[in-house]
Amino acid sequence: MTTVILFHSVYGQRPFERGVAERLTVAGHQVFTPDLYEGRVASSIEEGFALKEEIGWSTLCERAERAVADLPADAVLGGFSMGAAVAASLWPKRPETAGILFLHSIAEIPANARRGLPVQVHLADPDIFEPADEVAAWRADAERTPVALEVFIYPGAGHIYTDATLADYDSEAARLTWSRVERCLAAL
């Protein structure tokens, strides 16, 4: 059993994140989905960005740090879109993490990243929030780090393509993503 921490997107904690947690729990993992918006949920991406700005990035990161304080040091860190950046903000402080899952976003790889650490990234193409040139530059930098990087690109999918409640949803890309995530977690 692997302990997994998944941070939500700018939309906030919704049934989508709880559904993913349930799916991974059925697969044998212990999953935590901290609510960084403390019950607030956006009905649009614009409203989500407004909530993120209102709360503030430093407050979101502080809430995330408190949420994981009592969880195992080797817990997998992951997140959806904005949540990937939240997970990345914790990564340098949790060097024993067993793995990293960036869903729908890229984020900084810390200087203290452990050799061979599994890092799995899932991205839409094209993605208005992750332009191809920025992804290519990030990937080139990431491949020079000691992590065991896997990047999966899903052509034609929308930004948060795994969420069936959003217009971005792509059922085949979502199916592939979850099978790859489950394979990664099972190997830890």
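Me: Where is glycine 12 placed in this protein?
Reply: Glycine 12 is found in the loop between β1 and α1 (15-26). Helices (H or I, at least four residues) and strands (E, at least two) are DSSP runs, numbered from the N terminus. This is a predicted model, in which local features need pLDDT of at least 70 and side-chain atom pairs count only at pLDDT 80 or more, while totals for chains, interfaces and linings use all residues. Residues are numbered from 1 along each chain as its sequence is written, and side-chain values use heavy atoms, with hydrogens and water left out.

Me: Is glycine 12 buried or exposed?
Reply: Glycine 12 counts as buried, because its relative accessibility is 0%. Buried means under 20% relative accessible area, exposed means over 50%, and partly exposed lies in between (1.4 Å probe, protein chains only).

Me: Which residues is glycine 12 in contact with?
Reply: When its neighbours within four places in sequence are left aside, glycine 12 touches Glu17, Tyr37 and Arg40. Contact means heavy atoms within 4.5 Å.

Me: And what separates glycine 12 from glutamate 130?
Reply: Their C-alpha atoms are 20 Å apart, and the two residues stand 118 residues apart along the chain.

Me: New topic: how many aromatic pairs are there?
Reply: Rings of Phe, Tyr and Trp (its six-membered ring) pair if their centres lie within 6.5 Å; planes under 30 degrees apart count as stacked, over 60 as edge-to-face and the rest as tilted. The count by this rule is five aromatic pairs. One of them joins phenylalanine 49 and phenylalanine 129; this pair is tilted, with 5.8 Å centre to centre and 40° between the planes.

Me: Which parts does that pair tie together?
Reply: Phenylalanine 49 belongs to helix α2 (residues 45-55) and phenylalanine 129 to the loop between β5 (118-125) and α5 (132-142), so the pair ties together parts that are 80 residues apart in sequence. Phenylalanine 49 is partly exposed, at 31% relative accessibility. Phenylalanine 129 is also partly exposed, with a relative accessible area of 31%.

Me: What about phenylalanine 80 and tryptophan 178?
Reply: They form an edge-to-face aromatic pair, with 6.4 Å centre to centre and 65° between the planes. This pair links distant parts of the chain, since phenylalanine 80 is in strand β3 (residues 76-80) and tryptophan 178 is in helix α6 (residues 171-186), 98 residues apart. Phenylalanine 80 is buried at 1% relative accessible area, and tryptophan 178 is buried at 5%. Together with Phe16, they form one aromatic cluster.

Me: Switching to helix α4: how many of its residues are buried?
Reply: Seven of the nine residues in helix α4 (residues 82-90) are buried, which leaves the helix mostly covered. The buried residues are Met82, Gly83, Ala84, Val86, Ala87, Ala88 and Leu90.

Me: What covers them?
Reply: Their cover includes β1 (3-7), α2, α3 (57-68), β3 and β4 (100-103).

Me: What pattern does the protein follow along the sequence?
Reply: Its six helices and six strands follow the pattern β-α-β-α-α-β-α-β-β-α-β-α. The radius of gyration is 15 Å, close to the 16 Å that the globule rule gives for 188 residues, so the protein is as compact as a globular protein of that length. The radius is taken over C-alpha atoms, and the globule rule is 2.2 Å times the number of residues to the power 0.38.

Me: And what share of the residues is buried?
Reply: Buried residues account for 52% of the 188 residues. Among contacts between residues at least 6 apart in sequence, 61% join residues at least 24 apart.
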